[in-house]
Amino acid sequence: LPPAEEEAVGNLLQRLDGVPPARREVEQRPPTAAASVRLGDHKRTEETKMPDPTAVTALVRALIEAEVPELPPGDERALRLLRYALRILGSSMPSALPSASQSAELARRRLVHAGRTEDALALSRRLRALEACPGARNLPCVLHLLTCLMQSPPPGSLAAFARGSLLERTGGRAIESGGASRPSRAAVPLPSRRAPSCSDGIGRADASALQHAAAAAAASGGAAATSASAAPARTRRAGAGSGGVVGEEALVRDLLYVMQNIEGRHLKWDDKADSFLFQPAERPRGGPPLPQLTPAAAAAAASLAPGVVQAVARLCEIGWMYRAVSAFVAEAHTPHTSGGGAGLVARALAASMQAELSEWLRLLAVLESQRLQGLSLLQLLVWGEPPLQRFVTLVAVVRGCSHLRGGAMTVGVERLGQHGDPAVEAYVQRLLRGACAPLLESLRRWLTDGELDDPCGEFFIEARPAPLAELWEKRYALRPHMLPCFLSPKAASRALLGGKAINFIRLACGEGQWTFDAAAAAARGGAAAAAAGRHFGAAFEPRTVNLAERAAGEATLSAAIECACSRANEKLVELLLGRHRLQEHLTHLKEYLLLGKGDFVQALMEPLLPQLSRPASQLHRHHLLGLVESAVRSCTSPGVAAGSGNVGSSGGGSGWARGGSDSEQLLLLAHLGVLLSSSPGATGWEAFSLDYRADPPVSAVLSAAAVGEYRRVFTLLWRLKRVELSLSAVWRRHTTAARLVRALSSDALLHRCHLLRHEMVHFVFNLQYYLMFEVIQCSWEELVAALAAASDLDGLIGAHSAFLSAVVQKAMLGPENAPLLEALDALFETILRFAKSQELLYIHLLEQRAAAKQMAAAAAANTAAGGWGAAGAAEAEALLAEGDAPPLQPHFYEQLRVHAAQYRQQFAAFFAQVTRHASLDLTFLSFRLDFNAYYESLGGA
């Protein structure tokens, strides 16, 4: 053998003889002078143990002839298979073999799993005997080989399996009958496949000395075979030669075109295969065009080396990925007929990708200049490896995020950036910053000017059509699925609140030119607000988006959002409580709709009493409105300032308390109104209700639903006032009649009715005290404190809603208190019927008294004329009974008994519900109603 082959085969046998990997690395390095002496001594001692180096090559050649008999000895494929086998045997890549105990344990487990327990025990005994044998060498390797053979195919198919695998690895073709070759169809690898390693043959130039032995073995295979196979095996620097062989220079030129998505001379794009396919440039004259082949099949047809095939396929991946990325960029910048296109975020991401493609094209220009100076395929592969990894990342972003929009797209890009490789993370972060730029700019404009320009529907805040009165509640809302990666849900909610406040100030409050001033906010706030105000503009730059330090970027942006939101809401609260006099509106509602102003109630009920006793269909709203206006003017003294308990404006603006009674009257009369329900058969008492109309911006707090709750409470208090008025009228008539008819006090039945009236008065007065003081006034004090502490409009709305909800619940108007309210309505009806019967009774008594007086006057006139005073016995008895109580008709007694029994029964039911109620406030009401345990004793009896 030649010296190079002899040395390579010697190294191979040394490795097979159990030389450790550390020693192999020492042998591969150039030895020093002293080391060379020791190495030479070692080789001389090993030569006595090594077999003849030619025996290895002969054995491999004989193995090939035995396993693949259809290959002639001098065939190029047999020589290629020989070189491949020697290269495998001489590979310098260390292998991590399992230990002897691990291989033995694996073999035992497989035997036990197959149900061969006795064989597993026999294997253990023989392994112990083998380990005790002193001459055993390379036991781990032998055991690993035996373990692998346990998983090998059946003996009948082993030869075919090995023959097919080896031939596919060496030439990429399968042996057909008769020795013909058939090209195999192998598509271009996708970007997700691994990069070719050194074991694939790409970029390995004589990595092992055994390759020289393989070349020498190929040369010794015969002159005829060598001359037949030498031309296809050589790598040519020129273009395509005869016989369909493609030179390296032609491949490099085509690949430079393919890597920018341009078809070359030999590499063409196929839409059906979705890849670049190989098509030889030459074809028979006058014949049909040659079919397009995959790079592997075409390379086999053109006799290209396997390493060249894999290098071409890997570089074609860049062209395929460049095509995918450039298609996404073109699609993002293409306007659609429906308007909007792909969206601003997609366009920004496409712009970042376009910058990366421009960098790649600049690199290709440099490589093109290098090609003219002799750029090799291996050099092109090395230059293309870093861009290949970046293109893999770009294609992953395109595939994972092209179907998303707006903030959802930034979240998708951020997920791809959560990578263990810092280089990939930094690269994705650069793309993400470009994609987030439109959203950050939109967020800045939203927080400073309240502008929401979102033609493509990508922003995380959407604008809905809503009237000005519902601007705060319904016009703006969050899109949770569009929340960008750089904002937390809490920060997004604050951003929505800040922009809404600016829009509310400009549209509803009449401050059309107001914008957020970061410098002014920094001067007004504390240290944190000052820092956020100074760096407000920098917080919305794309560099704040940082995947490695996400918490810091979110904190900076959240501080800027909080600064803008706080200032806008501070201005809004100042305007509402100052210029727009929200507190005065609430005071008017308390005093007039909640009947907190006693003189107004008295001034209103006296003129309304004859009107409300009529059917509702006979009432006119304008007439009742005039009576209400007269009552308002009569109970407001000129020159007296408005009442106390107001909340001054936070900014020191002029509050409503500075105005006098005239401005209060004008404000009240402009918003106070009358509402008549259209219930059929209802009386004026049931149909009448006061109303209050609030205009923007006050309507954000005093909404139509809130005013409706005020009317419900007014209806309850108005009925209570009506009952109180009826009992007061009964007491006045009773007092008048008692003076006229002194004997009324002596009647036992009338005395019990008098006691019943006192019970009713006791109930009505205590219920009125509970509603007016423990419910309304206590809740009002809490409302005043909450309004003073509110920092935004939501705080004002929440404070007022809490006040109104507390009043409704404590006043037994909630849905869970429906039985209580029904019992209370029944009590009111009974009291009104009792008052009506008492009124009829006293009218009857007064009529009888008037008739008796008239009879006495007639008798006196007759006597003065000299006649009899009485015309008969009846008149004589009536005259004798003058001054006594006139007899009552029986039905009056029966009515009084019925009313008394009905009232006590209904009151007992109501009192029992109040006593058992879970509300502590209603428990206090029961204490006041039964302060001396009288009703409790009646219930026990």
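Helices (H or I, at least four residues) and strands (E, at least two) are DSSP runs, numbered from the N terminus. You're looking at a predicted model: local features need pLDDT of at least 70, side-chain atom pairs count only at pLDDT 80 or more, and totals for chains, interfaces and linings use all residues. Residues are numbered from 1 along each chain as its sequence is written, and side-chain values use heavy atoms, with hydrogens and water left out.

**View 1. The protein as a whole, before we zoom in.** Count up the secondary structure and you get 36 helices and eight strands. The protein has 941 residues, and 42% of them count as buried (under 20% relative accessible area; exposed is over 50%, partly exposed is in between; 1.4 Å probe, protein chains only). Now take the contacts (heavy atoms within 4.5 Å) with a separation of 6 or more: residues 24 or more positions apart account for 71% of them.

**View 2. F763 meets F907, an aromatic pair.** The structure holds 21 aromatic pairs, meaning that ring centres of Phe, Tyr or Trp (its six-membered ring) lie within 6.5 Å. In this one, the rings of F763 and F907 have centres 5.6 Å apart and planes at 85°, so the pair is edge-to-face (over 60 degrees; under 30 would be stacked, the rest tilted). It ties together distant parts of the chain: F763 belongs to helix α30 (residues 748–789) and F907 to helix α34 (residues 890–916), 144 residues apart. Both F763 and F907 are buried.

**View 3. F763 again, this time with F910.** F763 also forms an edge-to-face aromatic pair with F910, at 5.8 Å centre to centre and 80° between the planes. Distant parts of the chain are linked here too, with F763 in α30 and F910 in α34, 147 residues apart. F763 counts as buried because its relative accessibility is 1%, and F910 is buried at 0%.

**View 4. Helix α34 crossing helix α35.** How do the axes of α34 and α35 cross? The axes of α34 and α35 (residues 920–929) come within 8 Å and cross at roughly 135°. (Axes are lines fitted to C-alpha atoms, for helices over the stretch in contact, and angles run from 0 to 180 degrees between N-to-C directions.) The two helices are therefore oblique to each other (under 35 degrees is roughly parallel, over 145 roughly antiparallel, 65 to 115 roughly perpendicular, the rest oblique). On the α34 side, F907, F910, F911, V914 and T915 meet L922, S926 and L929 of α35. By class, this contact has six nonpolar residues (Ala, Val, Leu, Ile, Met, Phe, Trp, Tyr, Cys and Pro), two polar ones (the others, Gly among them) and no charged ones (Asp, Glu, Lys and Arg).

**View 5. A closer look at F911.** F911 sits in α34 and is buried, with a relative accessible area of 13%. Skip the residues up to four places away in sequence, and F911 touches S926, L929, D930 and Y935. A823 is 88 residues from F911 in sequence and 9.5 Å from it in space, C-alpha to C-alpha.

**View 6. Charges over rings.** Here a charge sits over a ring if NZ of Lys or CZ of Arg is within 6 Å of the ring centre and within 35 degrees of the ring normal. The charged end of R323 does that with W269, 4.1 Å from the ring centre. K590 lies over the face of W780, 5.7 Å from the ring centre.

**View 7. R550 in helix α23.** R550 has its place in α23 (residues 550–577). With a relative accessible area of 37%, R550 is partly exposed. Leaving aside neighbours within four places in sequence, R550 is in contact with E414 and C485. R550 and C485 are 65 residues apart in sequence and 9.5 Å apart in space, C-alpha to C-alpha.

View 8. Most residues other than glycine have a negative phi, and most peptide bonds are trans. M812 has a positive phi near 65° without being a glycine. Buried or exposed, what is M812? M812 counts as buried, at 0% relative accessibility, and lies in the loop between α31 (793–810) and α32 (818–864). D274 isn't a glycine either, yet its phi is positive at about 55°. D274 is in the loop between β3 (267–270) and β4 (275–278), and at 41% relative accessibility it counts as partly exposed. Finally, the peptide bond from P696 to P697 is cis, with omega near 5°. You'll find P697 in the loop between β8 (688–692) and α29 (704–740).
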